[in-house]
Amino acid sequence: MPKATPIRLLGALLLSLSLLPAPAAQAEQAGPSGWKVSGFPGGPAAELALDPQAGTLTLAATRHGAPVLEPSPVGIVTERADLSQGLRLLHRRDRLVAEHYTTTVGKRLKRSALMREATFAFQNAAGARLDLIVRVARDGVAYRYRLPDGYGPVLRETSAYTLHQDATAWLARHRRDYENPFVQYTALTAPAADFMVPALFETGGGHLLITESGLDGRYSGPRLAHEEGTGTYRLRLWDEQVQVDGALESPWRVLVIGDLATVTESTLVDDLAPASKVRDTSWIAPDQVLWTWLAGGREAGQSLEIQKGYVDYAAARGWPYVAVDAGWYFLKDQWDVTDPDWPATSWIPQLVEYGRAKSVGIIVWIHFRDLDTPEERALWLPTLSRWGVRGVKIDFMDAESQERLRWYDEILPATAANRLLVNFHGSTIPKGVHRTWPHVMTMEGVHGGEKRTLTTAHLTTLPFTRNVVGSMDYTPMAFHRPARPTSDAHELGLAVTYESGLQNLAGTVESYQSRPEAERFLEQVPSAWDETRLLSGRPGDHVVLARRSGDRWFVGAGVSGPARGLDVPLTMLHGRWLVEVVRDGETGLVRESQVIDGPHGRLSVPVPGEGGYAAIACRWHPRITTCDR
C-alpha cells in the first residue's frame with residue numbers, strides 16, 4: 001500500500017477544518033517575542049523570533065528537539081518600505097492545509113499534502129504591513145512574504161540560512177543554467193561564492209535541503225551567497241529590482257527536512273506550488289525517448305533516412321518517442337512561411353507520419369531565440385502541432401531574470417494549448433512546475449551526461465540534491481562514451497535512480513545491441529512512478545533507490561569509489577517476490593534471479609569500483625521464471 005495512504009485519510013478527515021478561519025493564536029508562544037509552528041509527529045517545527053529592540057525577525061527549524069536551521073534572518077525590502085527591521089506583531093492566524101492532487105511525472109503520481117500554516121501579520125513604525133506565511137509539513141518547513149499593493153519594486157530579501165559551522169554541505173557553484181557539479185564541504189569551509197539552490201546540509205537534527213517553490217515571472221531567481229568564515233548563506237536575487245504589479249506573494253522559501261530518505265522522497269516543492277492550469281491531461285504521456293545527439297546525432301539531425309532508422313529501433317524496443325535534436329531546421333531561414341506548401345520544405349512531417357505508423361512519436365529540439373517573441377510562438381507552436389509533433393525540447397534560456405521568467409509564463413500556456421510536451425534545456429529547474437503545468441515532462445538544469453568532466457561522487461549526489469525538486473534530464477545510457485565514469489551496470493541503474501518524465505536515452509544503437517541485458521531492462525523500465533523508496537545511500541558515496549510502477553518494483557544502484565557489497569532491506573515487499581538483478585560481470589552485464597520473502601528479505605549484490613546494478617522485482621508464483629512483459 002502506498003506510504004501516502006495514512007496522510008490521504010487524515011487529510012480527507014480534516015479537509016473541512018482547513019477551510020474554517022482560525023482565531024488569533026495565543027498558544028505555542030515560544031517566549032515574549034517568539035512563536036512556534038508545531039509540525040506533525042516525527043517531523044520538524046519552525047520557531048519565529050522577533051528582536052524587541054531592533055524589530056528584526058529570525059526563523060529557526062528543529063527536528064526531534066535538535067536544531068536543523070539555526071536562527072536565520074527573515075525580511076524583505078522594497079523601494080518604499082523596509083520590512084526587515086522595526087517590526088511589531090499585529091496578530092497571528094492559523095489553519096490546516098489539506099490538499100490532494102495528481103501529477104503526470106515524479107516520485108509518485110497521487111499526492112496528499114497536509115500542512116499547518118501560520119500567518120504572522122507585522123507592521124513597521126511607518127505603518128507598512130508584512131504578512132509572513134509559515135507552513136510546516138512532515139517533510140519540511142516553508143515561508144513566503146505577502147505585501148499589499150503600492151510598495152514598489154523589491155530591492156532585496158534579507159532571507160538567509162545559518163547552519164552549524166560543522167554541518168556537512170553538498171553545494172554547486174551558481175551557474176545561469178544550473179550545470180555545475182555538486183562538491184562536498186562543510187558549512188564553514190565552503191568558499192566565499194554564490195551557490196545554486198538547491199543546497200543540501202547534514203545537521204545534528206537531520207538533513208536539510210534548501211530550495212524554493214512557486215517561482216514565476218512575478219519575481220526573480222535566487223542564489224546563495226556564502227559569507228566567508230561563517231555558516232551563513234544569504235539569499236540573493238538575480239535582479240537588482242523586481243518589478244511588482246499590485247500585491248505581492250513571493251515564492252516559497254523551502255526547507256526540506258528529515259532523515260535522508262524523507263528528503264529524497266519528499267514532494268514538498270510540488271505540494272506548495274499552485275494547482276494545475278491544464279484541465280485535460282489525457283494527451284500527456286511520459287516515457288522513454290531514443291535521443292541520438294551524444295551518439296553522433298549532429299548528422300542524424302539533418303537526415304530523414306537516419307531518423308527513420310532510429311524510429312525503427314525505438315519501435316522494436318517499445319520506446320514511444322524519438323527526439324530529433326539540432327540540425328533538422330538548419331535551412332529554416334530560407335523557408336517561405338507564407339507559402340501554403342511551406343511544411344513540405346521540412347522532412348519532419350514525413351518522419352512524424354513514419355513514426356505514427358509504428359506508434360513512435362517525434363519530439364523536436366528548438367532554440368529559445370526562435371520562440372522569444374509572440375509572433376514566433378504563434379508561428380512555430382501551431383505549426384509543430386499541426387505536423388503532429390508530440391513535444392518540444394527548448395534550449396538556451398540560460399537565465400532566471402524576471403524577464404526570462406515572464407517568458408516561461410508565456411511559453412507554458414502556449415505549449416499546453418498546442419498539446420506539446422515540453423523538455424526545457426539550458427534552463428531553470430523545476431520549482432513546482434510539474435504540478436502547475438503537467439505537460440512539462442522534464443528539465444535539464446544539471447551537470448549531466450553531455451559533460452566530459454563527470455565523477456561518480458557527483459552522480460551519487462544528484463538523487464539527494466537536484467533530483468529531489470523535480471524531473472531531471474541527465475540523459476543516461478551513454479555506453480559508447482569512453483570517458484564515462486560509471487560501470488555498465490551503474491549506468492543502467494541510472495534509468496531508475498534518476499527520475500525524468502521523458503527519460504532521454506543517450507546511447508548508440510550499436511552500444512545497446514552489444515548489451516542485450518541492457519536492452520531488455522530498458523524495454524521494461526517506465527519513467528513515471530507510483531511510489532519511491534530510498535533503500536540506502538549517502539551523497540557522494542552510494543545510492544540504492546527503488547521505484548514502483550503498478551505491481552512491479554525497479555531498483556537502481558551505484559557507488560562512488562572502491563568495490564563493495566551493497567546489502568539493502570526490501571521492506572516495501574510483502575510476500576514472495578522474484579528479483580532479477582543485472583550487474584557487472586567479468587565479460588559484461590549478467591542477469592541473476594532469486595526469490596526473496598518480504599518485508600524482512602534483503603538484496604545483496606557485489607559491485608566493482610564505480611559500479612552498480614539494476615533490478616526488477618515482481619510477485620513470485622510457481623510458474624514464473626522472469627519479470628519480463
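The model looked at here is a predicted one. Phenylalanine 122 is buried too, again with a relative accessible area of 0%. The two rings have their centres 6.5 Å apart and their planes at 25 degrees. Planes under 30 degrees apart count as stacked, so phenylalanine 120 and phenylalanine 122 make a stacked pair.

Another aromatic pair brings together tryptophan 529 and phenylalanine 554, this time edge-to-face, with 5.8 Å from centre to centre and 65 degrees between the planes. Tryptophan 529 sits in the loop between α13 (516-524) and β30 (531-538), while phenylalanine 554 belongs to strand β32 (residues 552-559), so the pair ties together parts that are 25 residues apart in sequence. Tryptophan 529 counts as buried at 1% relative accessibility, and phenylalanine 554 is buried with a relative accessible area of 1%.

Taken over the whole structure, there are 20 aromatic pairs. Tyr185, Phe195, Phe201 and Tyr233 come together as one aromatic cluster. Rings also meet charged side chains. The charged end of arginine 116 sits over the ring of phenylalanine 40, at 4.4 Å from the ring centre. Arginine 223, in turn, lies over the face of tryptophan 238, with 5.3 Å to the ring centre.

A further arginine, arginine 173, is found in the loop between β14 (168-171) and β15 (183-186). At 41% relative accessibility, arginine 173 counts as partly exposed. Setting aside neighbours within four places in sequence, arginine 173 is in contact with Asn180, Pro181, Pro191, Ala193, Asp194, Phe195 and Met196. One of these, Phe195, is also a member of the aromatic cluster with Tyr185, Phe201 and Tyr233. From arginine 173 to valine 197 is 24 residues in sequence, and 9.4 Å in space from C-alpha to C-alpha.

Turning to the strands, β34 (residues 575-584) has 8 of its 10 residues buried, so this strand is largely enclosed by the rest of the structure. On one hand, β34 pairs with strand β35 (residues 589-598) in the antiparallel sense, over 10 bridges. Within this pairing, leucine 578 has valine 595 of β35 as its bridge partner. The two strands form a hairpin with 4 residues between them, and glycine 588 in the turn has a positive phi of about 145 degrees. On the other hand, β34 runs antiparallel to strand β37 (residues 612-619), and 7 bridges join them. Here valine 582 has alanine 614 of β37 as its bridge partner.

Elsewhere, 3 strands form an open sheet, in the order β7-β6-β12 and with antiparallel pairing. At the edges stand β7 (82-83) and β12 (154-157), each with a single partner strand, so one side of each is left without a neighbour in the sheet. Strand β6 (residues 76-78) pairs with β7 over 2 bridges, in the antiparallel sense.

Among the helices, α11 (residues 488-497) is mostly covered, with 10 of its 10 residues buried. The buried residues of α11 include Asp488, His490 and Glu491, along with Leu492, Leu494 and Val496.

Conventions. Residues numbered from 1 in each chain as written. Predicted model: local features only at pLDDT ≥ 70, side-chain atom pairs only at ≥ 80, totals over all residues. Heavy atoms only, no water. Buried < 20%, exposed > 50% of the residue type's maximum accessible area, 1.4 Å probe, protein only. Pairing = 2+ DSSP bridges. Phe/Tyr/Trp six-rings, centres within 6.5 Å; stacked < 30°, edge-to-face > 60°. Lys NZ or Arg CZ within 6 Å of the ring centre and 35° of its normal. Contact = heavy atoms within 4.5 Å.
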